[in-house]
Amino acid sequence: MIYTQHYESPLGGILLAADDTGLTGLWFEGQKYFARNLDAVHQEQETAVLSEARRWLDVYFGGQEPDFTPPLHPAGSAFQQEVWALLRRIPCGQTTTYGALAKQLAVDLVFVAPDDPLVLGMVDAMQAAGFATFGPNQAAAIIEGSKAFSKELMKKYHIPTAKYEIFHDADAAIAYIKQENQFPTVIKADGLALGKGVIIAANLEEAEQAVKSMMEDKMFGESGSTVVVEEFLTGPEVSVLSFTDGKTVVPMVSSMDHKRALDQDKGLNTGGMGTVAPNPYYTKEIADTCMETIFLPTIRAMQAEGRPFQGCLYFG
């Protein structure tokens, strides 16, 4: 048996679906966050079934855990905890509600993460509410929220980056890929996609499928409405998270991030399959070069654009 329930709150529409084994699907504003074994009939109920889950979120923003009454599913509290864990991962569009929660909790410092609330302007909202807040404001967070912006910034300020083009139309993107005829090639959804918005296509067929899945099928929602088609680079991966006050840069320990699934990197990108730190390939000489040609120039470029970045910036 399939159980479905549709919820409404100021944050947007939520659809939950479950069967006798547990939660099978969760959608937020039409974007799939979790799904398992749902047939087309029940997927179509999204517009018809969904008020309680949003109420749960509203209660949470008041500083309390939600009241699950009546239970959505006979599995009881274990199932409800599973639902709640997923709901808490949904990005919040109404950042001011966190200000009310912070006041209730009397917090001294707010540390905003991950990228989604930064891009939505939570730092701005918290600072406006009078809280000391760590993280970039909305204007600066665009460097994490838009790959197209980042690539254009690097081109404008002569910061090393792979060759690329930006597209708002699937046919134009595919035509460019055919024209370049260089494989593997990299297709990136412009917006945030939980670290999974990059597809490395080994041939034209895979590249066309990647473009269409992002731009036409909305695999990553609106994050894929614009795509970056990028030259494929080979070599060891290096990631360096760095603290910055908008002028100086203090790097953390380097790491080597493994994002692709399956042995021999044959799978799709993930949020991360594992990390080695410090990165064995990241020598002092390379670190010095990165500081002078990438890290500091990026921070200066953001200053020049009127978007000073203060917080922790990911270089990789």
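Tutor: Start with helix H12 (residues 284–304), where Lys284 and Asp288 both lie, four residues apart, about one turn of the helix. Keep in mind that this is a predicted model.

Student: OK, what do the side chains of Lys284 and Asp288 do?
Tutor: They meet in a salt bridge, with N to O at 2.9 Å.

Student: Is Lys284 buried or exposed?
Tutor: Lys284 counts as exposed, because its relative accessibility is 59% and the cut-off for exposed is over 50%. Asp288 has a relative accessible area of 39%, so Asp288 is partly exposed.

Student: How many salt bridges does the structure hold?
Tutor: Six. One of them joins the side chains of Lys178 and Glu208, at 3.6 Å from N to O. Lys178 is in helix H10 (residues 170–180) and Glu208 is in helix H11 (residues 204–215), so this pair ties together parts that are 30 residues apart in sequence.

Student: And how accessible is Lys178?
Tutor: Its relative accessibility is 47%, so Lys178 counts as partly exposed.

Student: Which residue forms a salt bridge with Lys188?
Tutor: Glu230 does, and the closest N and O atoms of the two are 2.9 Å apart. Lys188 belongs to strand E8 (residues 185–189) and Glu230 to strand E10 (residues 227–231), so parts 42 residues apart in sequence are tied together by the pair.

Student: Are Lys188 and Glu230 buried or exposed?
Tutor: Both are buried. They also take part in a network of salt bridges that links Lys151, Lys188 and Glu230.

Student: How many residues of E8 are buried?
Tutor: Five of its five residues, and the strand is mostly covered. Thr185, Ile187 and Ala189 point one way from E8, while Val186 and Lys188 point the other way.

Student: What does E8 pair with?
Tutor: Strand E9 (residues 198–201) pairs with E8 in the antiparallel sense, over four bridges. E10 pairs with E8 in the antiparallel sense too, over five bridges.

Student: Which residues stand opposite Lys188 and Ala189?
Tutor: Lys188 stands opposite Val198 in E9. Ala189 stands opposite Val227 in E10.

Student: New topic. In what order do the three strands of the open sheet come?
Tutor: The order is E12-E11-E15, with antiparallel pairing. E12 and strand E15 (311–315) stand at the edges with a single partner strand each, so one side of each is left without a neighbour in the sheet. From one strand to the next, the twist averages 35°.

Student: How many bridges are there between E11 and E12?
Tutor: Three: strand E11 (residues 240–244) and E12 pair over them in the antiparallel sense.

Student: Is Val253 buried or exposed?
Tutor: Val253 is exposed, because its relative accessible area is 55%.

Student: Now Thr133. Where does it lie?
Tutor: Thr133 lies in strand E6 (residues 132–134). With a relative accessible area of 15%, Thr133 is buried, because buried means under 20%.

Student: What lies 2.9 Å from a polar atom of the Thr133 side chain?
Tutor: The backbone oxygen of Phe131.

Student: Last thing, the whole chain. How many helices and strands are there?
Tutor: The protein chain has twelve helices and 15 strands.

Student: And what share of the residues counts as buried?
Tutor: 44% of the 316 residues in the protein chain.

Student: What about the accessible surface?
Tutor: The accessible surface of the protein chain is about 16,500 Å², and 54% of that belongs to carbon and sulfur atoms.

How values were computed
Residues are numbered from 1 along each chain as its sequence is written. This is a predicted model: local features need pLDDT of at least 70, side-chain atom pairs count only at pLDDT 80 or more; totals for chains, interfaces and linings use all residues. Side-chain values use heavy atoms; hydrogens and water are left out. Buried means under 20% relative accessible area, exposed over 50%, partly exposed in between (1.4 Å probe, protein chains only). Helices (H or I, at least four residues) and strands (E, at least two) are DSSP runs, numbered from the N terminus. Accessible areas come from the Shrake-Rupley method with a 1.4 Å probe; for residues, only the protein chains shown count as cover. A salt bridge is a side-chain nitrogen of Lys or Arg within 4 Å of a carboxyl oxygen of Asp or Glu. Two strands pair if DSSP finds at least two bridges between them. Axes are lines fitted to C-alpha atoms, for helices over the stretch in contact, and angles run from 0 to 180 degrees between N-to-C directions. A polar contact is a pair of N or O atoms within 3.5 Å; within protein, one must be able to donate a hydrogen and the other to accept it, and residues adjacent in sequence count only if both atoms are side-chain atoms.
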